[in-house]
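Visitor: I am new to this structure and would like to be walked through it, one question at a time.

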Amino acid sequence: MKVSTALCSAALGVGLGTLLLPGAALADTTVSPATTPVGGTVVLTATTCNPKSGDALFRVTGPNRDQNVRSTTAAAGGGLSAELFTAGFTLGTYTVAATCGDGSSAGSATFTVTPIGGAPAGSGGDSRDNGALAAGGTLLGTALAGAVILVRRRRPVSTVA
């Protein structure tokens, strides 16, 4: 393999890793509590959404849901939040994906609907976009490993007399 091809591949890996890591690290959507009985209320919060950029849109999907919840309510800790009443929800796990008013993703989180009198409410779901974070880290690690291999190959081999 030519050195220039390997360097180009390493640079591409570093570039892609650099692009993916910050967005994944900053995206933050929470659901509190993480477990709620049917008819309970969960608070959806997109902490990275700027209220001045417009409404946050929370897409809730699960066993019997595919609905959007729009929020213009500023959250106490920053970002935007909305309350979701779970009456009529089927038991199971639901995913909440948030999009900010400027079109950027605010990540996703999950919550579980249990039977009334079921499991106690959890402390809150916090699920960052780990897939993009892992992909960025893998690309960055691969690029660094490739650079180390190239540097080692370029060193002159010493011979024993």
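Guide: A polar contact is a pair of N or O atoms within 3.5 Å, where within protein one atom must be able to donate a hydrogen and the other to accept it. Please keep in mind throughout that this is a predicted model.

Visitor: Which backbone nitrogen does the side chain of Thr-86 reach?

Guide: Thr-86 is found in the loop between β7 and β8, and, not counting residues up to four places away in sequence, Thr-86 touches several residues, including Pro-37, Val-38, Gly-39 and Phe-111. The side chain of Thr-86 comes to 3.1 Å from one backbone nitrogen, and the limit for a polar contact is 3.5 Å. That nitrogen belongs to Gly-39.

Visitor: Is Thr-86 buried or exposed?

Guide: A residue is called buried when its relative accessible area is under 20%, and exposed when it is over 50%. The relative accessibility of Thr-86 is 0%, so Thr-86 counts as buried.

Visitor: In what order do the elements of the protein chain run from the N terminus on?

Guide: The protein chain has two helices and 10 strands. Read from the N terminus on, these elements follow the order α-β-β-β-β-β-β-β-β-β-β-α.

Visitor: How many residues apart in sequence are the parts that the pair Cys-49 and Cys-100 ties together?

Guide: A search of the whole structure finds one disulfide, and this bond joins Cys-49 to Cys-100, both of which are buried. Cys-49 lies in the loop between β3 (41-46) and β4 (56-62), whereas Cys-100 lies in the loop between β8 (92-99) and β9 (105-114), so the parts tied together are separated in sequence by 51 residues.

Visitor: Is the disulfide of Cys-49 and Cys-100 left-handed or right-handed?

Guide: The two sulfur atoms of Cys-49 and Cys-100 are 2.1 Å apart. The torsion about their S-S bond is about -85°, and therefore the disulfide is left-handed.

Visitor: What percentage of the residues in the protein chain is buried?

Guide: The protein chain exposes about 9,200 Å², of which carbon and sulfur atoms supply 60%. Among the 161 residues in the protein chain, the buried share is 30%.

Key:
Residues are numbered from 1 along each chain as its sequence is written. This is a predicted model: local features need pLDDT of at least 70, side-chain atom pairs count only at pLDDT 80 or more; totals for chains, interfaces and linings use all residues. Side-chain values use heavy atoms; hydrogens and water are left out. A disulfide is a pair of cysteine sulfur atoms within 2.5 Å. Helices (H or I, at least four residues) and strands (E, at least two) are DSSP runs, numbered from the N terminus. Buried means under 20% relative accessible area, exposed over 50%, partly exposed in between (1.4 Å probe, protein chains only). Accessible areas come from the Shrake-Rupley method with a 1.4 Å probe; for residues, only the protein chains shown count as cover. Contact means heavy atoms within 4.5 Å.
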